[in-house]
Amino acid sequence: MGPQQSGVTQGVEPKQSEPGQSGVKRPWGIYLVAFWCFFGLMGGTYVLFRLLLSVVQERMPELEPLLGLAYLAVGLGLIIGVLRLYRVGLILCAVLMGLWGAFQLLSSLTFVLADQASPQILIFKLFYGLPSLACAWYCVRPSILRLAREQGEYREQRAMQKYAQKRMLKGKR
């Protein structure tokens, strides 16, 4: 029985069934993307979040803790989605990182065109813009999306195996 017939995508060798192990080895770049999601995206957008929070605090102060919790939950959900190689998480990360990187680079261009650019501003904008665009590109590479698909297939296969084992144990009683 070949790899295609057993339900495992060709080229993926699942590890033996130990709890918590995944079937696809994560590339080291995923850890860099997750780090940049936390540092670059959440750290960079924190100023915008605080601005939003100050507006909300004036009008509806009871929503302030809820918004803070939502900001943290979205950020952590994105990081976990990237680390677990969820396809939706990778695509969402690519979209958000791409928008954030494009915003940084376009805003640096406006500083240059308005003749208000200082080296510090340009370095700051490039510091956030270029890695964000690189992370966006990395997340939508065909090889990464293929790994995400294979990881999803592996998770599905493991869930079916666990369900079958549970049914077999239940039937023996």
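This is a predicted model: local features need pLDDT of at least 70, side-chain atom pairs count only at pLDDT 80 or more; totals for chains, interfaces and linings use all residues.
Residues are numbered from 1 along each chain as its sequence is written, and side-chain values use heavy atoms, with hydrogens and water left out.

- Leu85 has a phi near 60 degrees, a positive value in a residue other than glycine.
- Leu85 counts as buried because its relative accessibility is 0%; buried means under 20% relative accessible area, exposed over 50%, and partly exposed in between (1.4 Å probe, protein chains only).
- Asp115 also has a phi near 60 degrees, again a positive value in a residue other than glycine.
- Asp115 lies in the loop between H3 and helix H4 (119–139), and it counts as exposed because its relative accessibility is 73%.

**How H1 meets H3**

- Two packed helices are described by the angle between their axes and the distance between the axes.
- The axes of helix H1 (residues 28–59) and H3 come within 11 Å and cross at roughly 50 degrees; axes are lines fitted to C-alpha atoms, for helices over the stretch in contact, with angles from 0 to 180 degrees between N-to-C directions.
- H1 and H3 are therefore oblique to each other (under 35 degrees counts as roughly parallel, over 145 as roughly antiparallel, 65 to 115 as roughly perpendicular, and the rest as oblique).
- On the H1 side, the meeting residues include Trp36, Gly40 and Leu48, and on the H3 side they include Leu90, Met97 and Trp100.
- The residues of this H1 contact with H3 divide into 11 nonpolar, 3 polar and no charged (Ala, Val, Leu, Ile, Met, Phe, Trp, Tyr, Cys and Pro count as nonpolar, Asp, Glu, Lys and Arg as charged, and the others, Gly among them, as polar).

**Ser108 in H3**

- Ser108 belongs to helix H3 (residues 87–113), and it counts as buried because its relative accessibility is 8%.
- Leaving aside residues up to four places away in sequence, Ser108 touches Leu122 and Lys125 (contact means heavy atoms within 4.5 Å).

**The chain as a whole**

- The protein chain has 5 helices and 0 strands; helices (H or I, at least four residues) and strands (E, at least two) are DSSP runs, numbered from the N terminus.
- Of the 173 residues in the protein chain, 32% are buried.
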